Amino acid sequence: MTLAEKKQELVEELTIIEDPQERFAYIIDLARTLEPLPKEYQIETFMIKGCMSQLWLVPTFENGRCHFRVDSDAVITKGVARLLSDLYSDCTPEEILANEPTFLAELGIDQHLSPNRRNGLSNVWKTIKAYAELCLKNQEKDAVR
């Protein structure tokens, strides 16, 4: 499934839920079903800065595609971070860099977050984007060799 298809599917899923409180209940349910990161990944190296809660994002790169795992000690943070990690996982760096997560604002998700959580969400995107840029740069170096 392409990133555009994943994004469209996610937008359709969330658009069906008209009430903002119910939408957040859905996002919280997503967080509760997410398997926690093993403790060895809940370290400073993977911590997202600028968020009141503890939030970790673990990136990996396999077969030309980026993968992301998240965890947090706050369910709403974990749920929103999961939306992004699920969306961008298994995508190429080029796909990631060409598709900013503007749909979150369009759906009003970021409007209902506290400023600190909005900042944390922004930093999740920045981390995903920076990792995709690094992977792309490394691919280009490998192609030159």
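1. Let's start with the loop between E1 (55-62) and E2 (65-72), where Asn63 is found. Asn63 is not a glycine, yet its phi is positive, at about 50 degrees. With a relative accessible area of 81%, Asn63 is exposed (exposed is over 50%, buried under 20% and partly exposed in between, using a 1.4 Å probe and protein chains only).

2. A word on the model before going on. This is a predicted model, in which local features need pLDDT of at least 70 and side-chain atom pairs count only at pLDDT 80 or more, while totals for chains, interfaces and linings use all residues. Residues are numbered from 1 along each chain as its sequence is written, and side-chain values use heavy atoms, with hydrogens and water left out.

3. Asp90 is another residue to look at for its backbone: its phi is near 70 degrees, a positive value in a residue other than glycine. Most residues other than glycine have a negative phi. Asp90 sits in the loop between H3 and helix H4 (93-97), and its relative accessible area of 39% makes it partly exposed.

4. Now to Tyr88, in helix H3. Is Tyr88 buried or exposed? Its relative accessibility is 1%, so Tyr88 counts as buried. A polar atom of its side chain lies 2.5 Å from the backbone oxygen of Asn99. Beyond four places in sequence, the contacts of Tyr88 (heavy atoms within 4.5 Å) include Leu3, Cys66, Phe68, Ile96, Trp125 and Ile128. His67 is 21 residues from Tyr88 in sequence, and the two C-alpha atoms are 7.2 Å apart.

5. Tyr88 also belongs to the largest nonpolar core, which has 34 residues. Such a core is a set of buried Ala, Val, Leu, Ile, Met, Phe, Trp, Tyr and Cys residues joined through side-chain atoms within 4.5 Å. The members that touch the most others are Phe68, Leu83, Tyr88, Ile96, Ile109, Val124 and Ile128. At least two core residues come from each of H1 (3-16), H2, E1, E2, H3, H5 (103-106) and H6. Leu83, for one, touches Leu10, Leu14, Ile27, Leu30, Leu104 and Ile109, leaving out residues up to four places away in sequence.

6. What lines the largest cavity? The lining is made up of Leu55, Ile76, Thr77, Val80, Ala81, Leu113, Arg117, Gly120, Leu121 and Val124. Helices H3 (75-88) and H6 (115-144) are the elements that give two or more residues to this lining. The cavity has a volume of about 70 Å³, and a search of the whole structure finds one cavity of 30 Å³ or more. On a 1 Å grid over the protein atoms alone, a cavity is a set of points where a 1.4 Å probe fits but cannot get out, and lining residues have an atom within 4 Å of a point. Grid points are joined across faces, edges and corners, and the volume is the space filled by probe spheres set on the points.

7. Ser53 counts as buried, at 12% relative accessibility.

Technical notes: 1 Å grid on protein atoms, 1.4 Å probe; cavity = no way out; pocket = protein on both sides within 12 Å on 5 of 7 lines; lining within 4 Å. Helix = DSSP H or I, 4+ residues; strand = E, 2+ residues; numbered from the N terminus. Polar contact = N/O pair within 3.5 Å; in protein donor to acceptor, adjacent residues only side chain to side chain.
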